[in-house]
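Thanks for sending this one over.

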Amino acid sequence: MRHHHFRDLPSILRSGDMLVVNTSATMAAAVDGARASGPTVVHFSTALDDGKWIVELRAPDGSGPVQDASVGEVIDLQGGGCLELLAAHPDPHRPVGSRLWRAEVVVAETVDAYLRAHGRAITYKYVQKSRPLTDYQTIFADESGSAEMPSAARPFTEHLVTRLVTKGINVAPIVLHCGVSSLEAAEAPQPERFRVPATTAWL
C-alpha cells in the first residue's frame with residue numbers, strides 16, 4: 001500500500017494505460033414544492049422508460065427525507081405544475097413511510113426544461129452556502145442527467161488531464177447518470193442509466 005496525492009496520478013500510470021471517465025452532467029434536480037401539510041423540497045432522481053420519475057421528498061430545512069407521504073398524494077411544484085405519487089419505490093406494496101417514490105410529473109414543458117428553469121443543485125443540511133450549478137460539475141460534464149455530481153471525477157483538472165494525455169495515457173468516456181446518493185441504512189443503490197460508446201468498448 002502506498003499513499004499519494006491525486007495530482008501524482010500521471011506518475012503512477014504508464015503509457016498505454018486507460019482511464020474511463022463519466023461525462024454525465026449534474027441536473028438542477030431540486031425544486032421547491034407544496035404539500036397539503038406544508039412546504040417540501042422535491043429531488044428528481046431518475047427518469048424512467050415510461051416517462052415517470054423516481055423522486056424523493058425532503059424537509060425544507062434539510063433535516064431529512066419526508067416519511068409521511070402516501071400513494072395518491074399530489075405535490076404542487078414551484079413555477080407551475082405538479083406531481084402525483086404513484087407507488088413507493090422500490091417496494092410498491094409499502095403505502096406510507098417510503099423515502100423514494102415513483103411519480104407522474106405534469107409540467108407545461110418537458111421535465112428537463114422545467115428543471116433548467118426552476119431547479120437548483122441538490123444540497124443537504126451541511127451545505128451552508130448556495131452555489132451555482134456550475135460548481136457541481138466535473139470537467140468532463142457534457143450530457144445532463146445526474147441528480148447529483150458524479151463525484152469520482154471531482155479532483156481532475158484540465159492541467160492534470162493534459163499531463164496524462166501527454167504521457168500516452170488514454171482517456172475514454174462513458175455516460176452514467178447518477179441518482180440521489182443519500183442512501184439510508186440497509187438501502188440498496190437504485191438502478192441508474194448508462195451508455196458505453198462503441199469506441200470506448202473497443203478500447
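Predicted model: local features only at pLDDT ≥ 70, side-chain atom pairs only at ≥ 80, totals over all residues.

1. As background, rolling a probe the size of a water molecule over the atoms shows where empty space is left.

2. **Overall layout.** Stepping back, the protein chain has four helices and eleven strands. Its C-alpha trace spans about 60 × 35 × 35 Å along the principal axes. Of the 203 residues in the chain, 40% count as buried.

3. **Cysteines.** C82 has a relative accessible area of 23%, so it is partly exposed, whereas C178, at 16% relative accessibility, counts as buried because the cut-off for buried is under 20%.

4. **The three-stranded sheet.** Here an open sheet has the strand order β1-β10-β11, with mixed pairing. Which strands stand at the edges? They are β1 (18-22) and β11 (194-195); each has a single partner strand, so one side of each is left without a neighbour in the sheet. Strand β10 covers residues 170-176 and runs antiparallel to β11, with two bridges joining them. You can find this pairing at L176, whose bridge partner in β11 is F194.

5. **Strand β6 and its partners.** Strand β3 (residues 30-35) is joined to β6 by two bridges and the two run antiparallel; G33 stands opposite L77 of β6. With β7, strand β6 also pairs in the antiparallel sense, this time over three bridges, and V74 has E84 of β7 opposite.

6. **Two backbone details.** The strands β6 and β7 form a hairpin with four residues between them, and G79 in the turn has a positive phi of about 85°. Further along, the peptide bond from H89 to P90 is cis, with omega near 5°. P90 itself lies in the loop between β7 (82-89) and β8 (100-106). For context, most residues other than glycine have a negative phi, and most peptide bonds are trans.

7. **Helix α2.** Its buried residues are V111, Y114 and L115. Why do they fall on the same side of α2? They cover an arc of only 95° around the axis, which puts them on the same side of the helix. R116 and A117 are exposed on the other side of α2. The general rule is that an α-helix has 3.6 residues a turn, so residues three or four places apart point the same way.

8. **Helix α3.** In α3 (residues 158-166), the buried residues are L160, V161 and L164. Because their arc around the axis is only 95°, they are on the same side of α3. The exposed residues on the other side of α3 are E158, H159 and T166.

9. How far apart in space are T46 and Q190, C-alpha to C-alpha? The distance is 9.0 Å, although 144 residues separate them in sequence. T46 is found in strand β4 (residues 38-47), and its relative accessible area of 12% means that T46 is buried. For the other pair, K129 and E192 are 63 residues apart in sequence and 29 Å apart in space, C-alpha to C-alpha. K129 sits in the loop between α2 (111-118) and β9 (143-146). Is K129 buried or exposed? At 56% relative accessibility, K129 counts as exposed, because exposed means over 50%.

Technical notes
Residues numbered from 1 in each chain as written. Heavy atoms only, no water. Buried < 20%, exposed > 50% of the residue type's maximum accessible area, 1.4 Å probe, protein only. Pairing = 2+ DSSP bridges. Arc of directions from axis to C-beta.
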